[in-house]
Amino acid sequence: MMLNVLSFAVWSLTLMTVLAPLAVDSYPSNRDRIPNGYRVPDPCRPGRTAQGVGHVLADGGGARNGFGQAFAAAGGWTSALCNADSDGDGISNGAELGDPNCNWSQGQTPESTSGITHPGINNDNPNCFVPPWLWKLFLGWTVIFEP
Ligand SMILES: *[C@@H]1O[C@H](CO)[C@@H](O)[C@H](O)[C@H]1NC(C)=O
């Protein structure tokens with residue numbers, strides 16, 4: 001039993017060490033191209049921000065989510081993209097990202113920098129692979145690996 005716990009810990013740490021660099025800095029430029037791109041919380045992993053806001057994998061990569069598809073189609077932060085509700089939770093992308101009046105442009109401080117929510121994940125039904133409460137148990141790791 002003790003051995004199992006120990007080997008689990010060793011394997012997990014090894015895996016995290018190997019995989020963590022891959023997760024860092026995916027699409028840094030796209031994060032600059034949406035309001036509060038560095039402040040979007042990952043609803044499935046409390047305390048972490050989503051690095052790949054437009055992707056299914058929160059650390060970037062994988063298929064695009066609804067917001068990522070809309071962003072790619074729009075080619076940037078347009079008023080149509082801002083007014084759309086890409087994750088269908090009843091709150092527009094602009095309202096989720098702190099640009100309720102859709103007047104933000106790159107380099108500016110958005111109208112609001114707090115209360116940011118994820119524009120590609122439904123707030124009411126985030127469909128987390130690992131439940132947030134379970135993720136919280138591993139908060140120490142998120143502190144270690146959050147860049
Ligand atoms: C956007 O409009 C709001 C409301 O008129 C204003 O408070 C805010 O300063 C404007 N933001 C920018 C970046 O122009």
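**Exercise 1. List the residues that surround the ligand and sort them by class.**

Solution. The ligand is surrounded by N101, N103, W104, Q108 and E111; a residue counts as near a molecule if its C-beta atom, placed from the backbone, lies within 6 Å of it. By class, this shell holds 1 nonpolar, 3 polar and 1 charged residues. Here Ala, Val, Leu, Ile, Met, Phe, Trp, Tyr, Cys and Pro count as nonpolar, Asp, Glu, Lys and Arg as charged, and the others, Gly among them, as polar.

The model is a predicted one, in which local features need pLDDT of at least 70, side-chain atom pairs count only at pLDDT 80 or more, and totals for chains, interfaces and linings use all residues. Residues are numbered from 1 along each chain as its sequence is written.

**Exercise 2. Describe the secondary structure and the burial of the protein chain.**

Solution. Begin with the elements: the protein chain has 7 helices and 0 strands, in the order α-α-α-α-α-α-α from the N terminus. Helices (H or I, at least four residues) and strands (E, at least two) are DSSP runs, numbered from the N terminus.

Next, take burial. Of the 147 residues of the protein chain, 27% count as buried. A residue is buried if 20 or more other C-beta atoms lie within 10 Å of its own, exposed if 12 or fewer, and partly exposed in between, with C-beta atoms placed from the backbone.

Last, take contacts, defined by C-beta atoms, placed from the backbone, within 7 Å. Among contacts between residues at least 6 apart in sequence, 48% join residues at least 24 apart.

**Exercise 3. Find which residues of the largest nonpolar core touch the most other members, and which elements contribute.**

Solution. A nonpolar core is a set of buried Ala, Val, Leu, Ile, Met, Phe, Trp, Tyr and Cys residues joined through C-beta atoms within 7 Å. The largest has 14 residues, and V53, W77 and L81 touch the most other members. Two or more residues come from each of α3 (66–74) and α4 (79–83); α3 gives the most, with 3 residues. Apart from neighbours within four places in sequence, V53 is in contact with R31, I34, G37, V40, F67, H118, P119 and G120.

**Exercise 4. Determine how the buried residues of α3 are arranged around the helix.**

Solution. The buried residues in α3 are F67, G68, A70 and F71. Viewed down the axis of α3, they fall within an arc of 165 degrees, so they line one face of the helix; the arc is that of the directions from the helix axis to the C-beta atoms. On the other side of α3, A72 and A73 are exposed. The cover over the buried residues of α3 includes α4 and α5 (93–96). Just after α3, G75 has a positive phi of about 80 degrees.

**Exercise 5. Is N36 buried or exposed, and is N127 buried or exposed?**

Solution. Most residues other than glycine have a negative phi. N36 has a positive phi near 55 degrees, and N127 has a positive phi of about 55 degrees. N36 lies in the loop between α2 (28–32) and α3, whereas N127 is in the loop between α5 and α6 (132–136). N36 has 24 other C-beta atoms within 10 Å, so N36 is buried. N127 has 8 other C-beta atoms within 10 Å and is therefore exposed.

How values were computed
Contact = placed C-beta atoms within 7 Å.
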